[in-house]
Amino acid sequence: MATTNQVKDLQEAVICSICLDYFNDPVILKCGHNFCRSCITQYLKDSKNSPSYPCPQCREAFGEGEFQPNWQLRNVVDVAKKIPEPRGKKACEKHEELLKLFCEVDQTPICLVCRESRSHKEHSVVPIEEAALDYQAQIQSRLDILKKERGKILSFKLRGENESHELLKQLQTEKQKIVSEFQRLRQFLEEQARLLLVQLEELNTEIEKRREKYVAKLSEEISSFSHLISEMEQKCQQPASEFLQDIKGTLRRCEREKFQNPGALSSELKWRIWESSQRNASLGTIMKKFKDSLSSRQRLDKANVTLDPDTAHPNLILSADQKRVKWGDTGQDLPDNPERFDTELCVLGCEGFTSGRHYWEVEMEGRGLCAVGVARGSVSRKGQINFTHEQGIWAVQGGGDRYRALTSPQQFIPLSLSRAPRRIRVYLDCEGGRVAFFDAGCGDPIFTFPLASFAGERIRPFFWAVVSVRLL
């Protein structure tokens, strides 16, 4: 009598390698390999038009009509189909009975004999097909999560590559400006040209190195997710008895930690490129003016910012030295003057800037949300306000380990930071239209807004808080 393994070997021998099912109207190629007639016909349609086609198994060439019906194999298929089903599915290794049940306690397929044994008699069991459907639903939900995560990584990769390409284009433009301007100057300007070109080459090397590392990391993650997704998709196509083998291990492999974006490439480098372009802006003038301009641009003033009580929302409590603000449960009885915010929990700095480069630092105390940045002096104070540059506000918002740039009412840019900053440094360049944010503790860039046009308007420090905030 044929053993289970022999029956299995026979059934595998009559499986089409294309559709992975029993041969249906089998045909044989001249190389000796067999396929369903419909499978090989579809294979020819899917292939490019050619006088010859490679065999799907051995790649030996054959013509479009060079295959014949295989009547003998059709008879073997008919015999294989008549073999009793229990020997065709995976059987219990101990009892050689069909696995029809699934033990929910041990999470393993069992046969009817196993069900009556001491090992499973007191356990909850369900039909194996029902269990397979439940676990397939779980696997599918995890597959959806994995695919979404892979999509996010792909977008990170694309964004990183685009940013690096844009930076390299900016570098090329700056190099051309430097060469053309320094040709008209002597000694001092030539020394400046050599210095700046070396700096730009170092930036070029740094960008290339960061891009390669960034893309390599994302490519590795994409490959890992693709491999896991492919494995899970193949797993879901297996028969229930095979599918549920080591189902706990399968579920564990699906539980991948969400990918943490290694971070954007451009904030710090854009700032450095921009600084280089600012140093080159006056190279067309005479040497004395160039020296004075260069010295002026290298100066960065720390602003002594204080809070303006006339602009503070009634629920915001200011300290006596106007250096700290915190949110209060009840509103204060304050005059509703035109300068005061009446709906949003906002306050402006007393100081305003129309020229120069300035910075100040803000420390968040306790837990809660806050937004810091700058605002036009003419920003709206009444009613609901959109914290966007279109409304005259350039700010970042954060609390805990979540930070985002307030760029538009419909789209906030989430910021991937290596750590949650306790102190934020706000940079403002009035002439350059630059607003940037850095982690004051370690100097890491947080976010840089695209170049803005302040049109000579007075720019003031801006704060929105439901947590205690202190100016340093």
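Strand 19 of this predicted model is largely enclosed by the rest of the structure, because six of its six residues are buried, where buried means under 20% relative accessible area, exposed over 50% and partly exposed in between, with a 1.4 Å probe and protein chains only. Helices and strands are here DSSP runs numbered from the N terminus, a helix being H or I over at least four residues and a strand being E over at least two. The model is predicted, so local features need pLDDT of at least 70 and side-chain atom pairs count only at pLDDT 80 or more, while totals for chains, interfaces and linings use all residues. Residues are numbered from 1 along each chain as its sequence is written, and side-chain values use heavy atoms, with hydrogens and water left out.

Two strands are said to pair if DSSP finds at least two bridges between them. Strand 18 (residues 423–429) and strand 19 run antiparallel and are joined by six bridges, with Val426 standing opposite Phe437. These two strands form a hairpin with four residues between them, and in its turn Gly433 has a positive phi of about 65°. Strand 19 also pairs with strand 20, in the antiparallel sense, over three bridges, and Phe438 has Pro445 of strand 20 as its bridge partner. The hairpin of strand 19 and strand 20 has five residues between the strands, and Gly443 takes a positive phi near 85° there.

How buried is Asp439, in terms of relative accessible area? Asp439, which has its place in strand 19, is buried, with a relative accessible area of 4%. A polar atom of the Asp439 side chain lies 2.8 Å from the backbone nitrogen of Gly441. Leaving aside residues up to four places away in sequence, Asp439 touches Arg419, Pro421, Arg423, Asp444 and Ile446, where contact means heavy atoms within 4.5 Å.

## Aromatic pairs

A search of the whole structure finds ten aromatic pairs. Rings of Phe, Tyr and Trp (for Trp, its six-membered ring) pair if their centres lie within 6.5 Å, and planes under 30 degrees apart count as stacked, over 60 as edge-to-face and the rest as tilted. Two of the pairs are set out below.

| Ring pair | Centre distance | Plane angle | Kind |
|---|---|---|---|
| Trp394 and Phe454 | 5.2 Å | 85° | edge-to-face |
| Phe437 and Phe449 | 6.2 Å | 65° | edge-to-face |

Phe437 in strand 19 and Phe449 in the loop between strand 20 and strand 21 are twelve residues apart, and both Phe437 and Phe449 are buried. Ring pairs also link Tyr359, Tyr427 and Phe438 into a cluster.

## Two three-stranded sheets

Strands of a sheet pair through backbone hydrogen bonds, either parallel or antiparallel. Strand 1 (residues 26–29) pairs with strand 5 over three bridges, and Leu29 stands opposite Phe67 in strand 5.

Strand 6 (residues 101–103) is joined to strand 7 by three bridges, and Cys103 stands opposite Thr108 in strand 7.

## The chain as a whole

The secondary structure of the chain comes to ten helices and 22 strands. Of the 472 residues of the chain, 42% count as buried. Among contacts between residues at least 6 apart in sequence, 64% join residues at least 24 apart.

Definitions and conventions: Polar contact = N/O pair within 3.5 Å; in protein donor to acceptor, adjacent residues only side chain to side chain.
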